[in-house]
Amino acid sequence: MSRSLRWGIGLLLVAGLLLGAFFFLPFRSWLPGGTVGNIATREVVNGTLLNRLFPKPQTGEQLVFTQEKRGFSQARLKQGAEVRALLSISDVASSPASRNKFIHTEERLQSWPLVDQGSQASALLVADRFQVKVIGQGSGLDVQQRHELLGAFDLAALAALNPSALPAPAIPTGRQALPPGKQAPLRLPLPGLQRQAPKAQPSQARVPQPAAHRKPSIFNRDNAALEPAA
Amino acid sequence: MSATVLERLERLPRRNLTVLALRGISTLVPGGWQNKTSPDELISDVLGSDDPELVQQVRARADELSRARHEGYRRALSLYDAVNRSQKAAGGLRVLANVAGALPLVKRLAELTPASQTLQAVDLSLKVAAEMLAFTQVNGLPGDSFAAFGDSLREYTGEARVRMAALVCFDALLPLGDNALHRLDGLLGQVGSRELHQLPSYAGMASLLPGRGDAAHLSFVRRGVDQWLGWADGFVGDLGLSGQRAVRALETTIGPWHGGMEQLATFLDAFTDTYSHTGVQAVARRLVERAAAEI
């Protein structure tokens with residue numbers, strides 16, 4: 001085998017391995033397209049927190065939870081064997097366009113903007129962050145019933161879940177790494193990677209760790225400029 | 001880029017053997033079954049309105065959701081596909097064995113194919129496991145919540161009941177006889193990793209099952225089947241399902257059948273995809289319910 005052929009095969013192997021590693025190893029989760037609208041999952045409120053805010057079922061009714069994902073939770077309201085309505089709470093961080101329909105509405109329910117979509121759906125935008133929706137199923141619900149159901153959600157507790165409404169953490173003294181969500185993102189010169197920033201950037205309300213327990217981070221150096229001159 | 005869930009729904013057949021078999025079996029289930037293959041109809045059914053602009057919005061959102069890898073809707077479909085491939089291959093093997101058994105020269109070949117009852121039991125359990133895994137993918141629960149799966153089975157209504165009736169009839173009652181559900185545990189007890197590997201596309205599903213190694217997979221499958229059996233027993237009793245009734249229900253749509261029940265089951269396995277057909281419809285409905293809530 002000639003020398004150049006050997007080199008060629010060797011290089012081909014190396015290139016193949018690198019490409020394979022990039023596409024099949026855990027790097028895959030770094031590629032865009034993993035989450036809805038490429039919003040990081042940690043920026044979206046977990047569905048588990050939303051479950052307990054659903055209305056309490058009346059006598060003869062039953063609430064069956066059907067989906068619980070990050071930023072979304074859905075339940076069916078059943079009466080006997082019949083499904084009356086789909087109830088859901090979603091975090092609009094992953095669907096910014098859904099906010100637009102609330103801009104022109106004058107209707108309010110407990111001071112939050114209210115919109116009717118078609119003949120069977122009503123939606124409420126709570127704290128500019130959570131969309132609460134009731135969709136009538138089967139024989140359907142009238143507007144009045146849907147609005148009552150919307151009002152039966154624990155809206156005050158839901159509004160309190162909004163990360164940007166949480167009290168800001170105390171300003172730390174000394175060298176501090178910024179919490180994961182606030183660090184400057186690594187900008188790669190890849191085309192089509194522009195992330196759509198949600199309008200209200202949720203501040204990460206994390207209690208800063210004491211310096212002794214902090215993991216050493218390469219990002220600490222970058223943040224030195226943010227420190228108050230002591 | 002593979003197709004989104006709604007595109008898969010649109011490509012489902014409107015009238016073929018699969019649809020006829022399902023229509024036949026749906027006569028046994030109160031509520032019946034409609035072969036919904038149009039995304040727009042499904043959306044306006046969920047939304048209770050056929051405003052074209054709203055339908056368009058829901059569809060765009062559903063496509064966005066099914067393209068996101070973390071959301072699991074497409075992974076649920078790939079589970080159903082893996083099971084479907086396995087069913088076809090196992091059915092094909094048995095058709096081959098039936099044909100080969102009749103020819104003197106290749107009779108030896110027929111003896112090489114695995115015992116069909118064990119194979120059928122494994123096939124059924126893999127389907128149940130896939131049902132459970134797809135349930136956790138779509139509903140967003142951790143991968144081994146057996147109890148939640150058991151509870152959700154009781155909530156299966158309408159189309160989902162037809163789907164389960166098809167599973168019970170085509171994969172348990174017809175091939176294994178009327179006491180199939182009681183024998184299933186015993187049959188699964190005889191299954192080792194050798195039988196598991198004889199199933200042509202266990203390999204396709206192995207990577208999707210939690211745990212490492214055949215033993216872990218097998219115990220996962222058996223725990224899932226335990227949950228399912230507890231429910232299926234009541235289901236069969238409530239609807240009064242039996243092999244005979246299933247054959248009669250099928251005859252109303254696919255025409256008279258003169259062979260045995262086992263041959264009918266083999267035939268259905270090899271030539272229909274009832275499981276993935278209803279699977280795509282079930283996942284599409286869940287996806288649309290979410291998209292309608294998020295627009």
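The model is predicted. In chain A, strand β2 pairs with β1 and also with β3. In chain B, Arg94(B) sits in a helix and counts as buried.

**Strand β2 of chain A**
- Strand β2(A) spans residues 72-79.
- This strand is mostly covered, with 6 of its 8 residues buried.

**Pairing with β1**
- Strand β1(A) covers residues 61-69.
- β1(A) and β2(A) run antiparallel and share 8 bridges.
- Look for Leu63(A): it stands opposite Leu77(A), which belongs to β2(A).

**Pairing with β3**
- Strand β3(A) covers residues 82-91.
- β3(A) pairs with β2(A) in the antiparallel sense, over 8 bridges.
- Lys78(A) has Val83(A), in β3(A), as its bridge partner.
- β2(A) and β3(A) also form a hairpin, with 2 residues between them.
- In this turn, Gly80(A) has a positive phi of about 65°.

**Arg94 of chain B**
- Arg94(B) lies in helix α5(B), which spans residues 73-102.
- Why does Arg94(B) count as buried? Arg94(B) has 24 C-beta neighbours inside 10 Å, and the cut-off for buried is 20 or more.
- Arg94(B) and Asp269(B) are 175 residues apart in sequence. In space, their C-alpha atoms are 9.4 Å apart.

Definitions and conventions
Residues are numbered from 1 along each chain as its sequence is written. Chains are lettered from A and ligands numbered from 1 in the order in which they are written. This is a predicted model: local features need pLDDT of at least 70, side-chain atom pairs count only at pLDDT 80 or more; totals for chains, interfaces and linings use all residues. A residue is buried if 20 or more other C-beta atoms lie within 10 Å of its own, exposed if 12 or fewer, and partly exposed in between; C-beta atoms are placed from the backbone. Helices (H or I, at least four residues) and strands (E, at least two) are DSSP runs, numbered from the N terminus. Two strands pair if DSSP finds at least two bridges between them.
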